Amino acid sequence: MQQVNVGIVGLGNVGSGTVAILAENAGQIALKLGFPLVVKAVCSLDADRVPIPESLGPVFKTLDWRQVATHPEVDIVVELVGGTTVAAEIITTALSLKKSVVTANKELMAVRGAELWELAIASGANLAMEASVAGGIPIHAVLREGISGDRVVALYGILNGTSNYILTEMERRGATLEAVLADAQRLGYAEADPSADVDGLDARSKLAILAALAFGEHITPSDIFTEGIRRISPVDFQYACRLAHTIRLIAAARQTAEGLLLSVRPALIPNATILAGVRGAYNAIWVKGFYGEDTFYYGRGAGSRPTGVAVVSDLMRVAREILRGSPERVSPFAHERLGEYRPLPVTEQKQAYYLRFRVADRPGIIAALAGILARKHISLEAVLQLPCETKHDLPFVITIEPASEQAVREALQEMSPLSFLLEPPLAMPMAPPL
Ligand SMILES: NC(=O)c1ccc[n+]([C@@H]2O[C@H](COP(=O)([O-])OP(=O)(O)OC[C@H]3O[C@@H](n4cnc5c(N)ncnc54)[C@H](OP(=O)(O)O)[C@@H]3O)[C@@H](O)[C@H]2O)c1
């Protein structure tokens, strides 16, 4: 009987979910494919101690990834180690042996994905990475195939479950970021080192990949303007609520006539928009097409089984191609080759902003700030001050009408020496142009 053999390197969160689905759902998978997917070999640093479901039959276990990547019976190598070093070796070794690869590795694919795809083309193998962005949401399939006939104009995503969990818990409990983060770490929802999540770096890698799929440009993640959520405080949610908005870490990509505008940053979004309803560890992506207009995708962005589903679905697609042959193989980046990236600095962006100040109360504060804004031709929209007992540490908010980010930055720079400010003002864009 025909079958396709799989070798899995990495049996952690995603690896264990993948193995469990391949075992428990083997019947469904074989029914859909018309042939079985067989797990031939697995590897992790403690593979000896990892239980493998008996229903998978005899599975070769090893601590050495090379024995999986070069295994003569393995047709598809699954890289679930993460990082950019060993993972890259595993993938290049497999591809150079004409074995197709499935990976969940956003970090590596964001930086070297295009180069690895070239290697896959040269060796006639496939490279699939659905699980690398938004775990359980099949957003790659959507951009690669589902709406590939459209021209994407913009996409907005909540792509990091940990920071979304933190923000929505801060909003729900009125708690500080530090308190929510500590709880999340205790419950295992956040890493001991949370910087990739709270500083926006994880979302940045994911945006680089999604924007490459959507716009066909070869994006360097470090070129993307990135700001994390560390400066958000409970008082920002109180003011956002007063403005009928909430705060989310938004990964945004927008095509303009001058180039591509990319950013990862916290933003105030109207409560009435669908993204505002994305709570907890969920992810969502809102895609605006020129022809098809708005589509919205929502689901679990991480987790052993949701991400495992993405890996297994990639395995099925690649396996089908291996056995049935598929001349219309599609690039994991939705474009056969990526073009040059024409980044536009975010300073070119023009939008409304929320400016939050913490001041030691004294007369003339609003006049001083308004004067600076006026000199930069920035129009105030509203000044808000919620009741506060502590006159020595008084928060208040100014919202401004759409202005260029450049002008806003210059105004903030000019404000920074003002002696009544207890910390630099916090600026967040309001309502990205959804
Ligand atoms: N976690 C998620 O929900 C999620 C969602 C989407 C994408 N991803 C991506 O999926 C990948 C895996 O993430 P994960 O959360 O499953 O990581 P993880 O739990 O840390 O698992 C990593 C696995 O790789 C093994 N490993 C590490 N170095 C190795 C080496 N040199 N040789 C062989 N095996 C090695 C580890 O073995 P030991 O356990 O024995 O050390 C472990 O089994 C990453 O690229 C991640 O970004 C994860």
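**View 1. The second largest pocket has a volume of about 330 Å³.** This is a predicted model, where local features need pLDDT of at least 70, side-chain atom pairs count only at pLDDT 80 or more, and totals for chains, interfaces and linings use all residues. Residues are numbered from 1 along each chain as its sequence is written, and side-chain values use heavy atoms, with hydrogens and water left out. A pocket here is an open set of points on a 1 Å grid over the protein atoms alone, where a 1.4 Å probe fits, with protein on both sides within 12 Å along at least five of seven lines; lining residues have an atom within 4 Å of a point. Volume is the space filled by probe spheres set on the points, which are joined across faces, edges and corners.

**View 2. Meet the lining of the second largest pocket, 18 residues in number.** Nearest its centre lie Glu227, Arg231, Leu412, Pro425 and Ala427. Strand E10 (259-270), helix H14 (405-415) and strand E16 (426-429) each give two or more residues, and H14 provides the largest share, five. Helices (H or I, at least four residues) and strands (E, at least two) are DSSP runs, numbered from the N terminus.

**View 3. The largest pocket has a volume of about 1500 Å³.** Its lining holds 49 residues, with Lys106, Glu191, Asp197, Asp202 and Ala302 nearest the centre. Among the helices that each supply at least two lining residues are H1 (13-24), H5 (106-123) and H12 (304-324). H10 gives the most, with five residues.
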